[in-house]
Amino acid sequence: MSVVTAADVEKASGVLTVGQRDVITPLAADRAKELGIKIERSSQPSPAKPPPVDLSSKPPRRGAAPVVLNAPTSTLSGALYRRGAGVPPALQVDNLDAAAPADPRPAAGVIGAGHVGAMTALRLAETSLFSRVTLVDIVPGLAAGLALDMGHSASLRGFTTRIEGSAELSALAGADYIVVTAGRPRQPGMSRTDLTGVNGSIVTAVAQGIRLYAPDSVVVVVTNPLEEMTHLTARTTGFPPQRVIGMAGVLDSARFCSLVALTGVARPQDVSAIALGSHGPEMVIPMSQATVNGRPLEEALPADQIDAIVERARDSGAEVVKLLQKGSAYFAPAESAAAMVIDMVRESSRVQAACVQSSGAYGLEDTRVGLPVRLGRRGVREIVALALTASERTALAKAASSIAARVREMG
Ligand code: APR
């Protein structure tokens with residue numbers, strides 16, 4: 001018995017006669033189909049084969065022309081490449097890149113390849129709005145491995161964004177949008193403010209990298225405690241206020257809308273509400289802006305039920321942490337961070353909540369707090385003036401002053 005290879009097929013003309021018990025490799029069968037060669041089995045012993053190639057010789061240099069074992073000098077078969085043979089220089093990725101026209105789509109970066117970061121990167125890539133998404137994590141190999149794995153799903157999901165991974169912040173060079181998720185998640189029993197010390201030093205280091213390698217980027221901060229980390233990022237990068245935005249309001253609003261929908265009053269997407277103030281105890285969900293299918297929410301649900309839902313939305317992060325025992329929420333946070341960046345690229349006219357610098361809006365001065373905004377390609381396009389009630393304005397002002405006190409405390 002012998003093995004019939006593609007090379008044997010290529011040497012044949014018209015018909016290739018093989019022994020009855022010979023093994024025909026799938027590649028040989030493919031090649032025979034391509035060349036129109038018929039493979040026939042006979043009762044005769046296998047035809048003599050050339051001696052095997054010495055595989056102990058030196059491996060080819062990286063980037064050198066491919067070595068094809070037993071191949072004739074004629075044109076190489078497409079089948080050989082499909083089956084993982086060496087790729088000719090013209091088809092190697094680096095050379096393709098050099099030859100490709102510049103991709104006009106923006107580039108995104110995600111710092112921290114943990115639960116939130118990895119999911120955010122994938123969500124961004126899946127839109128195909130970006131030329132590349134670069135994932136960076138301090139743990140060697142983590143971002144590169146995840147990026148490779150995600151990239152393998154491109155043909156299945158049908159996206160064209162390239163996903164790269166690195167342990168170096170310099171890989172973010174040229175990024176237009178950066179999502180910061182680096183840090184430690186909250187552990188059970190740990191308050192958001194407990195995290196300030198740990199995550200403060202991580203975020204400061206990361207922000208220095210952003211300033212150096214992606215000085216024109218728009219930064220979305222996800223790391224908690226959110227308001228403090230957004231403030232630190234803004235201070236360290238020195239970027240203008242519209243280019244440093246905290247992600248919290250989108251998540252808190254989404255949680256509230258989903259919880260309202262759980263009552264059965266409407267589908268989640270038919271509930272509209274906006275969570276302002278802080279990503280924590282001072283969250284403010286103005287009922288003057290909350291609707292179900294366009295009708296005031298207060299007409300659809302009793303006040304005590306709405307209050308209970310507001311409270312549950314406010315504590316949702318802790319509720320998830322308690323159930324998980326290890327780590328914190330990431331599906332909805334990642335979806336929210338990605339939604340903000342996508343809105344920027346699409347110049348969506350949607351009003352959404354984000355932690356931004358207010359310079360006079362809602363009577364607030366020099367505070368970073370959750371406010372309604374419209375986002376655009378360069379970050380915050382405008383802070384939207386909603387017709388809040390007097391008590392809602394007061395609650396917002398209280399939230400802003402608590403945040404300002406925490407930021408002062410942080411130093
Ligand atoms: N540079 C880059 N990456 C870092 C750095 C750093 N200096 N320090 C830590 N990281 C990485 C960790 O290696 C880890 O992979 O950040 C990642 C954080 O991932 P997880 O621990 O899985 O945390 P995650 O659930 O993603 O939450 C990240 O988002 O929602 C917030 O409260 C959450 O602050 C937390 C952040």
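Q: Which polar backbone atom is 3.4 Å from an oxygen atom of the ligand?
A: That one belongs to Gly183. Keep in mind that this is a predicted model.

Q: OK. And what about Arg184, how far is its polar backbone atom from a ligand oxygen?
A: For Arg184 the distance is 3.5 Å.

Q: What does His115 do with its backbone there?
A: A backbone N or O atom of His115 is 3.0 Å away from an oxygen atom of the ligand.

Q: How much of the ligand does the protein bury?
A: The protein buries 85% of the 730 Å² that the ligand exposes when taken alone.

Q: Where does the ligand sit?
A: You'll find the ligand in the largest pocket.

Q: Which elements give two or more residues to the shell around the ligand?
A: Those are α5, residues 115-126, and α8, residues 195-213. The largest share comes from α8, with 3 residues.

Q: How many residues are around the ligand, and which come nearest?
A: There are 21 residues around the ligand, and the nearest are His115, Val116, Asp137, Thr181 and Asn224.

Q: How does that shell split by class?
A: The shell has 11 nonpolar residues, 8 polar ones and 2 charged ones.

Q: You mentioned Asn224. What is the peptide bond from Asn224 to Pro225 like?
A: That bond is cis, and its omega is near 0 degrees. Most peptide bonds are trans.

Q: Where is Pro225, then?
A: Pro225 is in the loop between β9 (218-221) and α9 (226-237).

Q: Switching to backbone angles: what is the phi of Ser128?
A: Ser128 has a positive phi, about 60 degrees, even though it isn't a glycine. Most residues other than glycine have a negative phi.

Q: And where does Ser128 lie?
A: Ser128 lies in the loop between α5 and β6, the latter being residues 132-136.

Q: What about the phi of Glu347?
A: Glu347 isn't a glycine either, and its phi is positive at about 55 degrees. Glu347 is placed in the loop between α14 (331-346) and β16 (352-359).

Q: New topic: how many salt bridges are there?
A: The count comes to 16 salt bridges. One of them joins the side chains of Asp8 and Lys11, at 4.0 Å from N to O.

Q: Which helix holds Asp8 and Lys11, and how far apart are they in it?
A: Both lie in helix α1, residues 6-11. Asp8 and Lys11 are 3 residues apart there, about one turn of the helix.

Technical notes:
Residues are numbered from 1 along each chain as its sequence is written. This is a predicted model: local features need pLDDT of at least 70, side-chain atom pairs count only at pLDDT 80 or more; totals for chains, interfaces and linings use all residues. Side-chain values use heavy atoms; hydrogens and water are left out. A residue is near a molecule or strand if one of its heavy atoms lies within 4 Å of it. A polar contact is a pair of N or O atoms within 3.5 Å; within protein, one must be able to donate a hydrogen and the other to accept it, and residues adjacent in sequence count only if both atoms are side-chain atoms. Accessible areas come from the Shrake-Rupley method with a 1.4 Å probe; for residues, only the protein chains shown count as cover. On a 1 Å grid over the protein atoms alone, a cavity is a set of points where a 1.4 Å probe fits but cannot get out, and a pocket is an open set with protein on both sides within 12 Å along at least five of seven lines; lining residues have an atom within 4 Å of a point. A molecule sits in a cavity or pocket if more than half of its atoms lie within 2 Å of its grid points. Helices (H or I, at least four residues) and strands (E, at least two) are DSSP runs, numbered from the N terminus. Ala, Val, Leu, Ile, Met, Phe, Trp, Tyr, Cys and Pro count as nonpolar, Asp, Glu, Lys and Arg as charged, and the others, Gly among them, as polar.
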